[in-house]
Amino acid sequence: MTASKEYEVGYGKPPEHSKWKKGQCGNPKRIRERPVKPVAELVDEFLGSELEVVDNGVSQRRSAFEIILLQLCNKAIAGNARALKVLKQYSDFAASRAPNGGIRVKWVEHEEYLKYLREAKHAK
């Protein structure tokens, strides 16, 4: 018997003539089918993608960036200092790029905030 008659062709066993030789690469010309996207483009694509979100029992489509900002705001309001710091960094970055200055997040001391709340309460 020859080697080709002993070798059974089937699932996971390609014919001898179409097998790669030892040391042969599957992509000999080293050509990618599509170019690799830059990281900035991948991030922009993700942040611009829309996702389904359930907010107070209502299903809505929102951008990933909007969802991230809402989560940061909720955590900052709950007292998470790290979320407030990241939110301020986003705000500073957006303000530096917006022609009109955009919305600014400002650090406020606790006493100053309480004073503001008292004035707002008396103004009603």
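Reader: What share of the contacts in the protein with a separation of 6 or more comes from residues 24 or more positions apart?

Author: The model shown here is predicted. Contacts are counted here when heavy atoms lie within 4.5 Å. Among those with a separation of 6 or more, the share from residues 24 or more positions apart is 0%.

Reader: In what order do the elements of the protein run from the N terminus on?

Author: The protein has five helices and two strands. Read from the N terminus on, these elements follow the order α-α-β-β-α-α-α.

Reader: What percentage of the residues of the protein count as buried?

Author: A residue counts as buried when its relative accessible area is under 20%. The protein has 124 residues, and the buried share of them is 7%.

Reader: Does Arg 62 count as buried or exposed?

Author: Arg 62 belongs to strand β2, which spans residues 58-63. The limit for a buried residue is under 20% relative accessible area. Because its relative accessibility is 16%, Arg 62 counts as buried.

Reader: With which side chain does the side chain of Arg 62 make a polar contact?

Author: Leaving aside neighbours within four places in sequence, Arg 62 is in contact with Ser 49, Glu 50, Leu 51, Asp 55, Ile 67 and Leu 70. The polar contact of its side chain, at 2.6 Å, is with the side chain of Gln 60.

Reader: How far apart in space are Ser 49 and Ser 63, C-alpha to C-alpha?

Author: Ser 49 is placed in the loop between α2 and β1, and at 24% relative accessibility it counts as partly exposed. Not counting residues up to four places away in sequence, Ser 49 touches Arg 62, Ser 63 and Ala 64. Ser 49 and Ser 63 are 14 residues apart in sequence, and from C-alpha to C-alpha their separation in space is 5.5 Å.

Reader: What is the value that phi of Asn 56 is near?

Author: Asn 56 lies in the loop between β1 (50-55) and β2, and with 76% relative accessibility it counts as exposed. Most residues other than glycine have a negative phi. Asn 56 is a residue other than glycine with a positive value, near 55 degrees.

Reader: Which side chain makes a polar contact with the side chain of Lys 19?

Author: Lys 19 has its place in the loop between α1 (3-6) and α2 (39-48), and at 30% relative accessibility it counts as partly exposed. Not counting residues up to four places away in sequence, Lys 19 touches Tyr 7, Pro 14 and Gln 24. The polar contact between side chains, at 3.3 Å, joins Lys 19 to Tyr 7.

Reader: How is α3 placed relative to α4: what word describes it?

Author: Two packed helices are described by the angle between their axes and the distance between the axes. Helix α3 (residues 64-77) and helix α4 (residues 81-97) have axes that come within 8 Å and cross at roughly 135 degrees. This angle therefore makes the placing of α3 relative to α4 oblique.

Reader: How many nonpolar residues does the contact of α3 with α4 have?

Author: The crossing in which α3 passes α4 is left-handed. On the side of α3, the contact is made by Ile 68, Leu 69, Leu 72, Cys 73, Lys 75 and Ala 76. On the side of α4, Ala 83, Leu 84, Val 86, Leu 87 and Tyr 90 take part. By class, the contact has one charged residue and no polar residues, and the number of nonpolar residues is 10.

Definitions and conventions: Residues are numbered from 1 along each chain as its sequence is written. This is a predicted model: local features need pLDDT of at least 70, side-chain atom pairs count only at pLDDT 80 or more; totals for chains, interfaces and linings use all residues. Side-chain values use heavy atoms; hydrogens and water are left out. Axes are lines fitted to C-alpha atoms, for helices over the stretch in contact, and angles run from 0 to 180 degrees between N-to-C directions. Helices (H or I, at least four residues) and strands (E, at least two) are DSSP runs, numbered from the N terminus. Angles under 35 degrees count as roughly parallel, over 145 as roughly antiparallel, 65 to 115 as roughly perpendicular and the rest as oblique. A crossing is left-handed if the near helix is turned anticlockwise from the far one by less than a right angle, and right-handed if clockwise. Ala, Val, Leu, Ile, Met, Phe, Trp, Tyr, Cys and Pro count as nonpolar, Asp, Glu, Lys and Arg as charged, and the others, Gly among them, as polar. Buried means under 20% relative accessible area, exposed over 50%, partly exposed in between (1.4 Å probe, protein chains only). A polar contact is a pair of N or O atoms within 3.5 Å; within protein, one must be able to donate a hydrogen and the other to accept it, and residues adjacent in sequence count only if both atoms are side-chain atoms.
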